[in-house]
Amino acid sequence: MPQLAVLDHDTVLAAVSPAAAIEVTREAFLHHHRGEWVMPAKVYLQSPPYGDFRAMPARGGELALLKWITSFPGNPAHGLPTVSGVVCLSSTTTGVPLAILDARAVTALRTGAVAAVAARALAPVGARTVGIVGCGLHGAWTGRCMAAAGYDDGVCFDPRTEAAAALAAELGGWAVGDLPAALACDVVCCVTPGAAVVLQRGDLRPGQHLNMLGADGSGKAEASVEAVVACELYCDEWAQASHGGELTGAVEAGLVTREQVTTLGAVLAGDAPGRSGPAATTLFDSTGLAIQDLAVAAAALRAAQAGEVAAGVVSL
């Protein structure tokens with residue numbers, strides 16, 4: 001068996017810059033929309049009452065991926081991360097495993113990157129301010145990616161004021177604010193655990209774009225159903241979004257149908273329009289796709305193979 005490259009959390013984040021993550025994520029959506037990259041459905045394995053495991057496969061180009069990742073909400077009380085796991089990359093020509101990567105880092109990068117990709121495609125021309133609601137690991141990388149995409153002014157909100165202050169200071173020029181201040185920005189990125197609604201119908205503004213990034217499983221929601229149905233709707237992938245994303249509540253209530261939701265890949269490819277006009281309020285439901293993980297993990301592996309970062313090595 002050949003040797004496997006091992007990229008830990010810090011190595012993955014050093015290997016792929018926010019700008020690079022944005023570019024490869026955009027390309028991944030185009031590959032998937034054109035049918036060049038394939039992605040079977042995400043599989044959930046419950047571990048009650050603690051959390052769940054998720055298996056996410058994808059294939060594209062010369063690589064196949066399997067991400068084995070968790071969501072265990074009670075872990076922080078024990079000094080452990082809510083999300084943990086591994087990504088395995090294999091050759092599509094031989095099936096041989098090539099690399100193992102930290103899944104938390106890959107997930108954080110692709111979550112932040114897709115927020116920037118969606119904002120560039122769906123936010124109105126001239127949108128500048130960004131509200132980050134939730135400044136944990138994924139919220140921080142969302143802020144970094146939005147800054148890399150040219151958004152240089154924003155408001156950071158988190159119930160843990162120290163987390164919001166740290167992110168605002170790092171981004172420079174951003175402010176710490178309360179929830180209404182963050183929700184009043186041109187682009188709003190909600191990156192909470194999805195356990196409670198943070199966005200109501202009355203919070204919406206004409207010309208606003210919303211990235212809903214936290215509701216990635218059954219029973220989770222960051223926006224009220226009334227807020228969702230008041231927006232022009234977009235998603236990463238209909239099957240996931242309609243059954244375990246921000247759209248789920250509205251779909252189950254019979255208020256949103258497949259015909260009312262446009263996929264981001266279709267917009268990026270020019271096969272579907274973006275926002276209808278400058279006064280529209282757009283909402284992008286991100287549930288997290290394995291093709292995004294593949295794009296970021298492949299970029300990290302290329303950096304390691306080029307000697308740009310030092311990866312570990314193991315032999316099975």
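1. Helix 3 and helix 11 (residues 290–305) pack at an angle of about 110 degrees, and their axes lie 9 Å apart. Helices here are DSSP runs of H or I with at least four residues, strands are runs of E with at least two, and both are numbered from the N terminus. Axes are lines fitted to C-alpha atoms, for helices over the stretch in contact, and angles run from 0 to 180 degrees between N-to-C directions. The model is predicted: local features need pLDDT of at least 70 and side-chain atom pairs count only at pLDDT 80 or more, while totals for chains, interfaces and linings use all residues. Residues are numbered from 1 along each chain as its sequence is written, and side-chain values use heavy atoms, with hydrogens and water left out.

2. The two helices, helix 3 and helix 11, are therefore roughly perpendicular to each other (65 to 115 degrees; under 35 is roughly parallel, over 145 roughly antiparallel, the rest oblique). On the helix 3 side the contact (heavy atoms within 4.5 Å) is made by Val 106, Thr 107, Leu 109, Arg 110 and Val 114. Helix 11 contributes Gln 292, Asp 293 and Val 296.

3. Strand 11 (residues 209–212) pairs with strand 14 (residues 282–285) in the parallel sense over four bridges. Within strand 14, Phe 284 is the bridge partner of Asn 211.

4. Another open sheet has seven strands in the order 2-3-4-5-6-1-15, with mixed pairing. Strand 2 (43–47) and strand 15 (312–315) are its edge strands, each pairing on one side only. From one strand to the next, the twist averages 20 degrees.

5. In the seven-stranded sheet, strand 5 (residues 85–91) and strand 6 (residues 97–102) pair in the antiparallel sense over five bridges. Leu 89 stands opposite Ala 99 in strand 6. Helix 3 lies across strand 3 (51–60), strand 4 (63–71), strand 5 and strand 6, and runs at about 75 degrees to strand 6.

Note on methods:
Two strands pair if DSSP finds at least two bridges between them.
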